[in-house]
Amino acid sequence: MQKGKVYIKKWREDYDFKTVINSSVSTLITLAFALYNGILGVLHASVWHGSICVYYVLLTAARAVIVLTEKNNLKRAEEVASVHRRHTFIICSSLLFVLNLSLAVPVALMVELKRPIHMGLIPAIAMAAYTTYKVSLASVNLKRKNASANLLVRQLRAIGFIDALLSIITLQNTLITVKLGETGASMLRLSAMSSAAILLVINALTIVTFFKGIRGERR
């Protein structure tokens with residue numbers, strides 16, 4: 001009981017610890033979503049579900065590697081921990097670049113309105129509310145990420161924002177299809193433009209995070 005109180009206090013007061021713990025929960029949720037889409041992809045031979053499964057598996061892997069590294073770093077001297085952080089940062093940055101490439105397939109399917117939709121208007125509105133919360137929280141965390149000197153904590157915040165941005169693309173195409181049905185095709189150009197813009201932001205964030213991390217470690 002006492003140990004639990006210590007962890008709660010540390011979670012409230014230690015920004016890095018809070019980020020890692022929150023990301024652990026996000027990792028489990030993301031893994032569950034990846035498995036869900038993977039099963040649907042196999043059962044229904046759905047390219048969209050299969051491709052989005054690959055995306056979330058890679059996202060889960062990136063978060064899990066960072067969380068495990070920070071967990072193991074608790075037992076290491078700071079000099080050794082710093083070396084492991086650098087190695088993990090490079091590995092996860094490589095995963096993120098692959099992750100960005102994997103987005104091409106699901107986004108292409110969504111902008112062509114080929115994403116399988118089985119959702120009513122009320123669930124879509126609920127999804128919109130959750131996405132708004134997710135994006136708002138990720139935006140605040142991204143702005144605060146430079147408050148930490150921990151390279152991997154900053155990377156976790158960037159990954160969270162990338163995840164939120166993809167949620168916007170998914171929500172956008174879900175609402176178009178649910179609300180407009182077949183006439184959603186008229187929204188194809190707008191959907192393609194906004195999706196492309198978000199993908200550019202995702203790629204830019206990945207590149208900026210990588211080079212800032214490399215420069216910071218060289219100082």
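Colleague: Which helices each supply at least two residues of the lining of the second largest pocket?

Modeller: Helix 2 (15-44) and helix 3 (47-73) do. Keep in mind that this is a predicted model.

Colleague: What is the volume of that second largest pocket?

Modeller: About 340 Å³. The lining has 15 residues, and F17, V20, E70, K71 and L74 are the closest to the centre.

Colleague: How does the lining of the second largest pocket split by class?

Modeller: Six residues are nonpolar, three are polar and six are charged.

Colleague: Now cavities. How many of 30 Å³ or more does the structure hold?

Modeller: Two. The second largest cavity has a volume of about 40 Å³.

Colleague: Which residues line the second largest cavity?

Modeller: The lining is F89, S93, L96, F97, Q155, T206, T209 and F210. Two elements give two or more residues to it: helix 4 (78-102) and helix 8 (188-218).

Colleague: Which helix gives the most to that lining?

Modeller: Helix 4, with four residues.

Colleague: And what classes of residue are in the lining of this cavity?

Modeller: Four are nonpolar and four are polar. The lining of the second largest cavity has no charged residues. For the second largest pocket, by contrast, the lining has six charged ones.

Colleague: Let's step back. How many helices and strands are there in the chain?

Modeller: Eight helices and zero strands. From the N terminus on, the order reads α-α-α-α-α-α-α-α.

Colleague: What percentage of the residues count as buried?

Modeller: 43% of the 219 residues. The accessible surface of the chain is about 12,300 Å². Carbon and sulfur atoms account for 68% of that surface.

Colleague: Of the contacts between residues at least 6 apart in sequence, what share joins residues at least 24 apart?

Modeller: 76% of them.

Colleague: On to the largest nonpolar core. Which residues touch the most other members?

Modeller: Y55, Y56, L166 and I202, out of 37 residues in that core. Helix 2, helix 3, helix 4, helix 5 (104-111), helix 6 (121-144), helix 7 (151-180) and helix 8 each supply at least two residues.

Colleague: Which helix provides the largest share of this core?

Modeller: Helix 7, with 11 residues.

Colleague: Take L166. What does it touch, not counting residues up to four places away in sequence?

Modeller: L166 touches I52, Y55, Y56, L103, V107 and I202. Among these, Y55, Y56 and I202 are listed with L166 as the core residues that touch the most other members.

Colleague: Switching to R157. Where is it, and is it buried or exposed?

Modeller: R157 lies in helix 7. Its relative accessible area is 9%, so it counts as buried, the cut-off being under 20%. R157 and T19 are 138 residues apart along the chain, yet their C-alpha atoms are separated by 7.8 Å.

Colleague: Last one, V47. Which helix is it found in?

Modeller: Helix 3.

Colleague: Why does V47 count as exposed?

Modeller: V47 counts as exposed because its relative accessibility is 54%, and the cut-off is over 50%.

Colleague: What is V47 in contact with, leaving aside neighbours within four places in sequence?

Modeller: V105 and L109. V105 is 58 residues from V47 along the chain, and the C-alpha atoms of the two are separated by 8.5 Å.

Colleague: Thanks, that covers my list.

Note on methods
Residues numbered from 1 in each chain as written. Predicted model: local features only at pLDDT ≥ 70, side-chain atom pairs only at ≥ 80, totals over all residues. Heavy atoms only, no water. 1 Å grid on protein atoms, 1.4 Å probe; cavity = no way out; pocket = protein on both sides within 12 Å on 5 of 7 lines; lining within 4 Å. Points joined across faces, edges and corners; volume = space filled by probe spheres on them. Nonpolar A, V, L, I, M, F, W, Y, C, P; charged D, E, K, R; others polar. Buried < 20%, exposed > 50% of the residue type's maximum accessible area, 1.4 Å probe, protein only. Contact = heavy atoms within 4.5 Å. Areas by Shrake-Rupley, 256 points an atom, 1.4 Å probe, with all protein chains shown as cover. Core = buried A, V, L, I, M, F, W, Y, C linked by side-chain atoms within 4.5 Å.
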